[in-house]
Amino acid sequence: MSVTATLPRSEEPSNFTPPEKPAPPAQNVAVTVVLLLVLVAAVWSVIDLRINLATFIDSFHNAIAFVSRIFPLDFPPFLEIVRMTVQTLAIVVVATVLAVVISIPLALLAAANTTPGGTSRTFGRVAIVIARAIPDLIFAVILFRIFGLGALPGILALAFHSVGMVGKLYADAIESIDEGPVEAIRASGGSRAQQIISGVFPQVMPQFIATALHRFDINLRTSVILGYVGVVGIGLEISNAMRTMNYDRGVALALVVLVLCIITELISGSIRAKLMGHEEAKKKGAYGLAFRIADAFSQGWVSSSRTRSTPGPDGHTPQTMPDGAVRTSPPWTLERMRRSAYLGLVLVVLAVSTLVSDISFGSIVDGLRDLPQTLSLFWPPSAGDMLGDLVHGMIVTLQIGLAATLLGAVISVPIGVLAARNAAPNPSVHKFFRITIVAVRALPDLILAIIFIVITGLGPVAGTLALAIGSIGLLSKLLADSIEETDERVQEAIRANGATRSQVFFASTLRQSFPAFVAHVLYQLDSNIRAATLLGIVGAGGIGFYLMGASRVMSFDVVTFIIIMILVVVLLVEALSVWTRKVIR
Amino acid sequence: MLPVHSVSHPHSNAEVIRFTDVTKRFGENVTALDSVSAEFQPNRITVLLGLSGSGKSTLLRHINGLQRPSAGEITTLGTRVDLAGTGQLRRLRRDVAMIFQHFNLVGSMTVLENVCTGRLGSLRGPRMGLFMFPRTLRAEAMEQLARVGLADKAFQRADTLSGGQQQRVAIARALIQRPKVLLADEPVASLDPVSSASVIDLLTRISHEENLTVVCSLHQVEIALGFSDRILGLQGGRVVLDEETADISPEDAYSIYDRVANPASVADESRFEAALS
């Protein structure tokens, strides 16, 4: 607000002049226009994709048919399930570890306090941004061509794309450390590497592990979708089953994935909460029981900082071993043994995963040898004779993203409001909607997409509905969180003026959390458009479908064309979303 | 402003640290050190007194090259700090230990490992890690911990200790360097009076046992008077007092804190603090 606007103007000597309303900054006008355009585009998308009651009624018979076709569920033999599960987990473990291994040096280059210089910093940051910008699907399509079928392309695709998130969060963690210990090591003559290993790593380790676990959960879900382009594991089996219309088998396997996702998320969530020092609230019911079991499992991973104490002699005598030598390593308390056992377990899991995922090193060599030749297949890009189709596919993908975000945002407002402790009419309503949100968030996009594909048929409606439900889960959670964080004193002040409950809500609560909500919606739009390209490969409409087709008939020039198209759109949308969020915050 | 007392130095040829016309500027307007010249003789405890932003920390951090001067010469233990390259500085720093206001321990590592990090500068090759400190070094760390009275806490995480205990761990970490010079930057500013006293007692004892040359910045005049051989007063980056502690009256010492006489320096200091934060 400009200061002069509040002063009376000198040429008008009257004792009261209403201050002129200051003109809003040009940037705000631009953002408002952009937001309105996005809204109009989203409404148009919903209409154009025919997401309406009529479609649902038409699909009703399909739904009935679907239900009759999936029951009884056709589970494969138990050992077969175990084999697929182990294979999927192994690939995800190796991919996540590889992502961590690549991310650490990049993060050290990208973080302001550990980077050796400006050029390295730019390199690190650019590498991380590129890894995030290129969807794993695109990595997978290219890498399958280079390395042939097998586990390796899937692992590399998951790992490379993960670097975008893991590297960014690692760099953030490094930048927020306490510089004191690092300086102490520098002051005693430690080298740069020593400062990093002994001063930086011990501080960021909990965050590094927590981030890796979080990424593990995400990679597990993605790996199943990538099964459709040939990544081995449960995803591949689901894709085969759906392609041959064995819906009873496909849905059974999807249920296995659902259970797997819930179990891993519970375990990793519990370990993460401990690592970061949060005490999880007591949970009740079946979910609570599962959580407590996971909790018991994760107990040994993390030592709570307050429980360790070593009874020894007084402070002025070095501790000695039974043979009289000075003790130089901690005694083998039960806790140390348990920690070592878990460390051993992790190493065994890593080794087994590497073996099971069956990376053939021959194919690495072959792939790299043929790399120039392979890459020449991808160049120059060409639209083939289907430029019109491709552009239309891209537009459909955008429509899916827009429509899904709009539906998700509209539906998540009431859910989010009712889930917020300070806005819900009573505690049971708050609890009910919180649990609903948790349940919705547990459903992987893929499973929703599969269900909707069977109900509404192949096409964009299925993708839109799957992504809309995913968006409801995240947006309503974020809205509820931001409502709970609003400043209660403002609400109290308005209430004190005699305002009704709904007046308080609209004048204060919603107003305070609205900018954050818009920012979250834009972020969700950005990630929905990425996800829409990915879901296209399972038949949920849009450009992903063409990418899949082109890669299957080996028109790699078309693949390149599509990849470039996707990249341009994704980067533009992200730039727009980042800019808008910056202005409205 | 106080007149600068000229002092005859008994060992002026054998100084460990020498500052000649050292000036340090941050940006264009902030002068943290303004043509400082001073010498520090072996086996003596010098306390730097002054307000926040008077240049105490900056002076200390020039001794081991954590900061480089904008102009002037610094010689520490025969090394020209203002000219030294990275390798030379690292070799110098092995002989110059430093302790800090906020202890600067790695909270998630054990006390013993924290002490071991003091010797990283002398370790080479792969042995720079978390768990790879040689057994002999660990044994020595345990002895230094016994010396500061914390051997019983060796295997606890450092962040489970009280502030005073953490500072004693930091002293053990300094001792394991077997230093010739000890720099202490506000070592008791974050501690309660009882812990402060025990840390100062410990510093005094080890300084005499190890024949250390100590340069220590402090806020508290009483502690400085009881602890030091010599007091150097700083105001706005200039040396305004340089006396043997025995010759100094408490009034002289307190007058360093008299800011009313020179309001301009207050403005300077707040700019300086803004630049640092």
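**Figure 1. Salt bridge between Glu183(A) and Arg61(B) in the predicted model.** In this predicted model, the side chains of Glu183(A) and Arg61(B) meet in a salt bridge, with N and O 2.5 Å apart. The rule finds 1 salt bridge across the interface of chain B and chain A. Across this interface there are also 7 residue pairs in polar contact, both residues of each pair being at pLDDT 80 or more.

**Figure 2. The side of chain B that touches chain A.** Helix H2 (86–94), strand S6 (96–99) and helix H4 (135–147) of chain B each supply at least two residues of this side. The largest share, 8 residues, comes from H4(B). Sorted by class, the side of chain B that touches chain A has 21 nonpolar, 12 polar and 12 charged residues.

**Figure 3. Extent of the contact between chain B and chain A.** Chain B contributes 45 residues to the contact and chain A contributes 36 residues. The size of an interface is often given as the accessible area lost when the parts come together. Between them, chain B and chain A bury about 3,300 Å², and carbon and sulfur atoms account for 58% of this area.

**Figure 4. Overall build of chain B.** The secondary structure of chain B comprises 9 helices and 10 strands. Of the 277 residues in chain B, 57% are buried. When contacts in chain B between residues at least 6 apart in sequence are considered, 70% of them join residues at least 24 apart.

**Figure 5. Two buried cysteines, Cys261(A) and Cys116(B).** Cys261(A) has a relative accessibility of 2% and therefore counts as buried. Cys116(B) is likewise buried, because its relative accessible area of 1% falls under the 20% cut-off. A search of the whole structure finds 0 disulfides over all chains.

**Figure 6. Salt bridge between Arg221(A) and Glu265(A).** The closest N and O atoms of Arg221(A) and Glu265(A) are 3.2 Å apart in this salt bridge. Arg221(A) lies in helix H8 (residues 192–226) of chain A and Glu265(A) in helix H10 (residues 247–275) of chain A, so the pair ties together parts that are 44 residues apart in sequence. Glu265(A) counts as partly exposed, at 32% relative accessibility. Over all chains, the count of salt bridges comes to 32.

**Figure 7. Salt bridge between Arg369(A) and Asp366(A) within helix H13 of chain A.** Arg369(A) and Asp366(A) form a salt bridge in which the closest N and O atoms are 3.5 Å apart. Both residues lie in helix H13 (residues 361–369) of chain A and are 3 residues apart, about one turn of the helix. Arg369(A) counts as exposed because its relative accessibility is 57%, whereas Asp366(A), with a relative accessible area of 37%, is partly exposed.

Figure 8. In the salt bridge of Arg421(A) with Glu484(A), the closest N and O atoms are 3.6 Å apart. Arg421(A) lies in the loop between helix H15 (387–419) and helix H16 (427–442) of chain A, and Glu484(A) lies in helix H18 (residues 460–484) of chain A, so the pair ties together parts that are 63 residues apart in sequence. With a relative accessible area of 53%, Arg421(A) is exposed. A network of salt bridges links Arg421(A), Arg434(A), Lys477(A), Asp481(A) and Glu484(A).

Note on methods: Residues numbered from 1 in each chain as written. Chains lettered and ligands numbered in written order. Heavy atoms only, no water. Contact = heavy atoms within 4.5 Å. Buried area = accessible area lost by both parts, 1.4 Å probe. Salt bridge = Lys/Arg side-chain N within 4 Å of Asp/Glu carboxyl O. Polar contact = N/O pair within 3.5 Å; in protein donor to acceptor, adjacent residues only side chain to side chain. Helix = DSSP H or I, 4+ residues; strand = E, 2+ residues; numbered from the N terminus. Nonpolar A, V, L, I, M, F, W, Y, C, P; charged D, E, K, R; others polar. Disulfide = S-S within 2.5 Å. Buried < 20%, exposed > 50% of the residue type's maximum accessible area, 1.4 Å probe, protein only.
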